[in-house]
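User: I would like to go through this model and ask what the labels given to its parts rest on.
Analyst: Go ahead; the structure is shown below.
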Amino acid sequence: MQLIPYLAFNGQCDAAFKFYQQCLGGNNQTLMTYGESPMADQVPSEWRDRIIHASLIVGETALQGADAPPDRDVKPSGFCVSIQINDPAEAKRIFHALAENGTIQMPLQETFWAVSFGMLVDRFGIPWMVNCGKAS
């Protein structure tokens, strides 16, 4: 079994996944628009450039998402995308990259469990936790 976060956006999925690739590295394996899908003739013309499915592969992990139809738009609530990193410098780089034009909820700092840990909401409204754990 594999658990994969699937993020819903309101027309910003393409920009978000390009931003996440820039911040996290990896490869945008899929950025398919509604207009490129088999159901292209079933969506309004203003939806043809929106993303029906996106998939970013970072290492052995996937992050997926789409632009939710207007009647299914859900604001992120009750979750965070958690990033576990072993390198403190890389944790700092990723944290500050994701926080650009977003909101830092807890600055990156040492905690009893981590060399550095911080929380933020990115410019697209997605909540993140960045954790660089202590060696055991």
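User: Which residues lie nearest the centre of the largest pocket, and how many line it?
Analyst: The model is predicted. In it, 17 residues line the largest pocket, and Leu24, Val58, Thr61, Ser82 and Ile83 lie nearest its centre. The volume of this pocket is about 350 Å³.

User: What makes a residue part of that lining?
Analyst: A lining residue has an atom within 4 Å of a pocket point. Two or more such residues come from each of β4 (61-67), β5 and α2, and β5 gives the most, with 4 residues. By class, the lining holds 11 nonpolar, 4 polar and 2 charged residues.

User: Why is Asn101 called exposed?
Analyst: Exposed means over 50% relative accessible area. Asn101 has 60% relative accessibility, so it counts as exposed. Asn101 is in the loop between α2 and β6 (103-109), and its phi is positive, about 60 degrees, although Asn101 is not a glycine.

User: Which residues touch the most other members of the largest nonpolar core?
Analyst: They are Phe9, Phe17, Tyr20, Leu24, Ile83, Leu98 and Trp128, in a core of 28 residues. The elements giving two or more residues to this core are β1 (6-9), α1 (13-24), β3 (51-58), β5 (81-84), α2 (88-99) and β8 (127-133). The largest share, 7 residues, is from α1.

User: What does Leu98 touch, leaving out residues up to four places away in sequence?
Analyst: Contact means heavy atoms within 4.5 Å. On that basis Leu98 touches Phe19, Tyr20, Cys23, Leu24, Ile83, Leu120, Asp122 and Trp128.

Technical notes: Residues are numbered from 1 along each chain as its sequence is written. This is a predicted model: local features need pLDDT of at least 70, side-chain atom pairs count only at pLDDT 80 or more; totals for chains, interfaces and linings use all residues. Side-chain values use heavy atoms; hydrogens and water are left out. A nonpolar core is a set of buried Ala, Val, Leu, Ile, Met, Phe, Trp, Tyr and Cys residues joined through side-chain atoms within 4.5 Å. Buried means under 20% relative accessible area, exposed over 50%, partly exposed in between (1.4 Å probe, protein chains only). On a 1 Å grid over the protein atoms alone, a cavity is a set of points where a 1.4 Å probe fits but cannot get out, and a pocket is an open set with protein on both sides within 12 Å along at least five of seven lines; lining residues have an atom within 4 Å of a point. Grid points are joined across faces, edges and corners, and a volume is the space filled by probe spheres set on the points. Ala, Val, Leu, Ile, Met, Phe, Trp, Tyr, Cys and Pro count as nonpolar, Asp, Glu, Lys and Arg as charged, and the others, Gly among them, as polar.
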